[in-house]
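Please read them with the model open beside you.

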Amino acid sequence: MEATDARATLSQHLPHWETLLAHKQAWNSDLNELFQLDPHRAEHYSLQVGPLFLDYSKNHLNETTIKHLLALADDCQLPQAIEKLLTGQHVNNTEDRPAWHSALRQQPGSALPQASVQDEIRAAKDKMCSFVTRLHEGQWQGHSGQTITDVVNIGIGGSDLGPRMACKALSDFHLPQINVHFVANIDGAEIHHTLKKLKPETTLFIVASKSFTTLETLENAKAARQWIISSGCSIDHLKHHFVGISTNLKNAIEFGIDEENIFPMWDWVGGRYSLWSAIGLPIAIAVGWQAFEELLEGASSMDEHFATADLKHNMPVILAFITFWYSQCWGAKSQAALPYCHQLQRFPDFLQQLDMESLGKSVNIDGEAVDYPTGIAIWGTEESNGQHSFHQLFHQGTQMIPVDFITSLRPNHPYTGQHQQLLACCLSQSQALLEGKSLARAKQELMDSGKSKAEAEQLAPHKVIPGNRPSNTLVLDQLTPRSLGSLIALYEHKVYALSVLLNINAFDQWGVELGKQLGTTIAGALHSGKLPEDWDSSTRALAKRILDR
Ligand code: F6P
């Protein structure tokens with residue numbers, strides 16, 4: 001590793017940084033005390049934006065904290081940065097281009113200036129809509145004349161996680177005509193298990209790859225092509241079974257996708273921000289064009305809020321402030337996203353790429369190494385499953401892990417009693433994190449259950465729960481295409497606002513390239529059977545073991 005001495009500090013970028021730090025050093029309030037001091041704390045620290053309600057009152061913050069964070073936002077010109085993002089300026093400086101996912105969902109009459117790319121977007125959406133309609137009306141047939149009934153999306157990362165998450169989230173809105181499946185992994189097991197349930201004659205593949213160079217996607221697409229050919233399909237008729245989504249027309253055509261069947265992507269849409277583009281086709285196929293439009297409308301209303309709300313009442317900005325405060329001043333190394341909503345089961349996976357691929361950087365936008373933490377780990381699972389697994393670490397572990405609880409007031413299923421229980425579970429976890437359990441209470445409970453005083457004293461320390469641990473609670477009115485759109489856009493903008501505070505580029509991901517380069521070399525060596533002498537002994541020995549199997 002190269003030794004570099006001078007590192008960029010937060011105070012160079014944020015002149016008020018030291019003030020926030022001093023505020024933290026003087027912080028001596030307990031969360032429970034904050035609630036006692038202000039009986040209206042929940043009202044003071046909550047926001048409603050369209051179908052989303054955010055309660056951020058269970059956080060270690062007060063008006064002074066917010067004032068200092070607002071001063072930092074002023075230092076880094078956050079309002080101007082928001083405008084730059086939403087008006088298509090080159091916020092992705094290392095690739096010299098915009099990150100204009102908001103243009104893809106801009107609505108007529110929007111408060112934002114009309115994006116110059118609207119004509120291209122309209123043309124792409126028209127093409128998507130007519131494709132979806134043909135599929136739904138049974139007009140798209142396979143090589144033997146049978147109607148397509150199953151669509152398999154082959155893609156990975158941003159070309160998989162967003163559509164896969166949204167299709168699961170909106171499964172209550174699925175139309176019956178077409179079943180949508182996803183294959184991402186290079187592990188042949190995934191495509192094997194997917195295809196064995198399907199018939200080649202009635203299956204259509206979407207090869208989704210912005211670059212059309214991604215190893216996993218190309219390998220899976222080749223396997224799919226072979227599967228279709230084996231069913232008796234001639235090369236000329238492959239176009240009945242393959243469509244593509246890419247910026248790389250040349251590679252997509254070389255692969256064998258008919259030019260007519262290629263939906264456009266643009267370099268100004270990042271992979272992890274691309275579900276609003278043709279990458280969202282599986283969503284539109286699953287839920288229909290109208291519901292897909294509603295998803296875009298939900299996101300667009302969050303764009304307008306992000307653009308126009310003052311920072312103190314700006315939901316994405318508030319979420320960014322809270323994560324910044326904990327990662328920079330409280331030493332938080334990770335944050336949990338916990339959907340109390342089975343249908344949002346894939347939301348943590350989606351959020352991992354969105355947040356960690358955007359914020360996992362060690363240099364600032366000018367390429368200077370930073371001396372402060374940037375992205376932190378994001379993790380979670382559908383709840384209430386996690387309560388019976390890793391919540392122990394939240395409650396009694398030594399680290400403070402801020403949590404985002406995400407739930408919906410109304411369910412999309414008839415089991416309303418169970419939904420009430422789910423909501424009770426969600427509230428109980430944030431309340432337990434807040435309140436904890438004191439030594440005295442633990443002792444008393446033990447004695448009440450029949451333990452002797454001596455036994456209670458011995459056991460009680462194990463039952464103490466420190467409490468005073470922070471969380472946000474996000475409540476959707478109901479999980480619908482519109483509220484899902486708003487939820488996704490909320491987190492997209494949170495990540496951007498955080499990147500501006502951290503002075504890093506949220507829209508590149510150079511870190512993933514090295515593994516891809518080395519993977520190509522290793523695959524070549526395994527293929528030829530010749531292992532380079534200069535490899536480390538661990539990789540050589542493992543590769544030898546593979547060759548000797
Ligand atoms: O390897 C990371 C990555 O480049 C992601 O940023 C992207 O979403 C994913 O791979 C897939 O890329 P593509 O759509 O070009 O196949």
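1. Strand 3 (residues 150-154) and strand 4 (residues 179-183) run parallel and are joined by five bridges, where two strands count as paired if DSSP finds at least two bridges between them. Helices (H or I, at least four residues) and strands (E, at least two) are DSSP runs, numbered from the N terminus. Within this pair, I154 has V183 of strand 4 opposite it. Between the two strands the chain passes through helix 8 (residues 161-169), and this β-α-β crossover is right-handed, in the sense that, with the strands pointing away from the viewer, the path from the first strand over the helix to the second runs clockwise.

2. On provenance, this is a predicted model, in which local features need pLDDT of at least 70 and side-chain atom pairs count only at pLDDT 80 or more, while totals for chains, interfaces and linings use all residues. Residues are numbered from 1 along each chain as its sequence is written, and side-chain values use heavy atoms, with hydrogens and water left out.

3. Which residues of helix 9 (residues 188-195) are buried? I191, T194 and L195 are buried, a class that means under 20% relative accessible area, against over 50% for exposed and partly exposed in between (1.4 Å probe, protein chains only). These residues lie on the same side of helix 9, because they cover an arc of only 90° around the axis, the arc being that of the directions from the helix axis to the C-beta atoms. Their cover includes strand 3, strand 4, strand 5 (203-208) and helix 10 (215-230).

4. A second open sheet has six strands in the order 1-2-11-10-8-9, with mixed pairing. Its edge strands, strand 1 (46-49) and strand 9 (377-379), each pair on one side only, and neighbouring strands are turned by 15° against each other on average, direction ignored. Strand 8 (residues 334-340) runs parallel to strand 9 and is joined to it by three bridges, with Q335 opposite I378 of strand 9. Helix 15 (residues 347-359) lies across strand 8, strand 9 and strand 10 (403-410), and runs at about 165° to strand 9.

5. Q343, in the loop between strand 8 and helix 15, deserves a separate look. Q343 is buried, with a relative accessible area of 16%. Its side chain reaches the backbone oxygen of K168 at 3.2 Å, and a polar contact of 2.3 Å joins the side chains of Q343 and S171. A polar contact is a pair of N or O atoms within 3.5 Å; within protein, one must be able to donate a hydrogen and the other to accept it, and residues adjacent in sequence count only if both atoms are side-chain atoms. Beyond its neighbours within four places in sequence, the contacts of Q343 are with K168, A169, S171, D172 and L479.

6. Some backbone features remain to be listed. The peptide bond from E383 to S384 is cis, with omega near 20°, and S384 sits in the loop between strand 9 and helix 16 (391-396). D96, which is not a glycine, has a positive phi of about 50°; D96 lies in the loop between helix 6 (78-86) and helix 7 (118-136) and counts as exposed at 55% relative accessibility. N468, also a residue other than glycine, has a positive phi near 60°; N468 belongs to the loop between helix 19 (453-463) and strand 11 (471-478), and is partly exposed, with a relative accessible area of 23%.

Definitions and conventions:
Axes fitted to C-alpha atoms, helices over the stretch in contact; angles between N-to-C directions. Contact = heavy atoms within 4.5 Å.
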